[in-house]
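The exercises below are to be worked with the sequence and coordinates open. Each task is followed by a solution in steps.

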Amino acid sequence: MATSSGETTTSVSSGGREARVLTLPNLISVARLCCLPVFLHLLLGRHDRNAAAWLLGGLGATDWIDGWIARRFRQVSEIGKVLDPTADRLLFIVGIIGVIIDGSAPRWFSLVVVVREALVGAAMVLCTLAGMKRFPVTYLGKCATFALMFAFPAFLLSAGHEAGHGFWTVGAWTFGLPGVVLSCYTAVA
């Protein structure tokens, strides 16, 4: 079906309500998820930390794009409200677990972030099953995610670049420490 904004969507009727499935934001979320095996192959299969870092950084940088497009072009869908945060959380957790396996970032730092993400994800699932409202995304939570999505690629680049090791290490900690503090704070708040 074509709409006035030029979007093409596939709709499924659900009790008189339209639930759009095939929208550009949903396709972006699925494409980002499809990059997970590529990231893991680059990092753990080909041992190419640099390529893996740039891919993970790109996925982190595009974290906001699917939601922005959905709101801007009125392509918000019920499946997108679940798919986008699920894709974001999976990218984050799988990416960090890959970095832990590779040993590119300090294990304690990586484990703090993974445990926080797992706890928040479990809390969201339990709240959804209990019929509670979704937790609103906060500005500080977005800042924390943004910082951490750049810290982990910087750790990878630090481990993969002998010449730029110091630069990338400073960048990783510059983004990582405030990111982990903010992410723990927002989890509690």
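For sorting lining residues by class, Ala, Val, Leu, Ile, Met, Phe, Trp, Tyr, Cys and Pro count as nonpolar, Asp, Glu, Lys and Arg as charged, and the others, Gly among them, as polar. The model is a predicted one.

**Exercise 1. The largest pocket**

Task: Give the volume of the largest pocket, describe its lining, and divide the lining residues by class.

Solution.
- Step 1. The volume of the largest pocket is about 1500 Å³.
- Step 2. The pocket is lined by 47 residues, and Pro85, Arg89, Val137, Thr138 and Lys142 are the closest to its centre.
- Step 3. Two or more lining residues come from each of helix 1 (24–45), helix 2 (49–61), helix 3 (65–72), helix 4, helix 5, helix 6 and helix 7.
- Step 4. Helix 6 gives the largest share of this lining, with nine residues.
- Step 5. Sorted by class, the lining of the largest pocket has 24 nonpolar, twelve polar and eleven charged residues.

**Exercise 2. The second largest pocket**

Task: Repeat the analysis for the second largest pocket and find which helix supplies the largest share of its lining.

Solution.
- Step 1. The second largest pocket has about 400 Å³ of volume.
- Step 2. There are 16 lining residues, and those nearest the centre are Val82, Pro85, Thr86, Met124 and Thr128.
- Step 3. At least two residues of the lining come from helix 4 and at least two from helix 5.
- Step 4. Helix 4 has the largest share, seven residues.
- Step 5. The classes come to eight nonpolar, three polar and five charged residues.

**Exercise 3. The cavity**

Task: How many cavities of 30 Å³ or more does the structure hold, and which residues line the largest cavity?

Solution.
- Step 1. One cavity of 30 Å³ or more is present.
- Step 2. The largest cavity has a volume of about 40 Å³.
- Step 3. Its lining consists of Leu56, Leu91, Phe92, Gly95, Ile96, Leu148, Met149, Phe152 and Pro153.
- Step 4. Helix 4 and helix 6 are elements that each give at least two of the lining residues.
- Step 5. The class count for this lining is eight nonpolar, one polar and no charged.

**Exercise 4. Helix 5**

Task: Compare the span of helix 5 with the expected value, then list its buried residues and what covers them.

Solution.
- Step 1. Helix 5 runs over residues 107–129, which is 23 residues.
- Step 2. From first C-alpha to last, helix 5 reaches 32 Å, close to the 33 Å expected at 1.5 Å a residue.
- Step 3. The buried residues of helix 5 are Phe109, Ser110, Val113, Val114, Arg116, Glu117, Val120, Gly121 and Cys127.
- Step 4. Their cover includes helix 4 (78–102), helix 6 (139–160) and helix 7 (165–188).
- Step 5. Just past the end of helix 5, glycine 131 has a positive phi of about 80°.

**Exercise 5. Aromatic pairs**

Task: Classify the ring pair of tryptophan 108 and tryptophan 173.

Solution.
- Step 1. A pair of aromatic rings is described by the distance of the centres and the angle of the planes.
- Step 2. Over the whole structure, 13 aromatic pairs are found.
- Step 3. The ring centres of tryptophan 108 and tryptophan 173 lie 6.1 Å apart with planes at 20°, so the pair is stacked.
- Step 4. Tryptophan 108 is in helix 5 and tryptophan 173 is in helix 7, so the pair ties together parts 65 residues apart in sequence.
- Step 5. Ring pairs link Trp108 and Trp173 with Phe109, Phe152 and Phe155 into a cluster.
- Step 6. Tryptophan 173 has a relative accessible area of 26%, so this residue is partly exposed.

**Exercise 6. Two residues**

Task: Are leucine 42 and aspartate 102 buried or exposed, and what does each touch?

Solution.
- Step 1. Leucine 42 lies in helix 1.
- Step 2. The relative accessible area of leucine 42 is 11%, so leucine 42 is buried.
- Step 3. Beyond residues up to four places away in sequence, leucine 42 touches His47, Asp48, Ala51, Ala52 and Leu55.
- Step 4. The C-alpha atoms of leucine 42 and alanine 52 are separated by 5.3 Å, and the two are ten residues apart along the chain.
- Step 5. Aspartate 102 belongs to helix 4.
- Step 6. Aspartate 102 has 18% relative accessibility and therefore counts as buried.
- Step 7. Apart from neighbours within four places in sequence, aspartate 102 is in contact with Leu43, Leu44, Arg49 and Leu156.

Methods. Residues are numbered from 1 along each chain as its sequence is written. This is a predicted model: local features need pLDDT of at least 70, side-chain atom pairs count only at pLDDT 80 or more; totals for chains, interfaces and linings use all residues. Side-chain values use heavy atoms; hydrogens and water are left out. Helices (H or I, at least four residues) and strands (E, at least two) are DSSP runs, numbered from the N terminus. The expected span of a helix is 1.5 Å times one less than its number of residues. Buried means under 20% relative accessible area, exposed over 50%, partly exposed in between (1.4 Å probe, protein chains only). Contact means heavy atoms within 4.5 Å. On a 1 Å grid over the protein atoms alone, a cavity is a set of points where a 1.4 Å probe fits but cannot get out, and a pocket is an open set with protein on both sides within 12 Å along at least five of seven lines; lining residues have an atom within 4 Å of a point. Grid points are joined across faces, edges and corners, and a volume is the space filled by probe spheres set on the points. Rings of Phe, Tyr and Trp (its six-membered ring) pair if their centres lie within 6.5 Å; planes under 30 degrees apart count as stacked, over 60 as edge-to-face and the rest as tilted.
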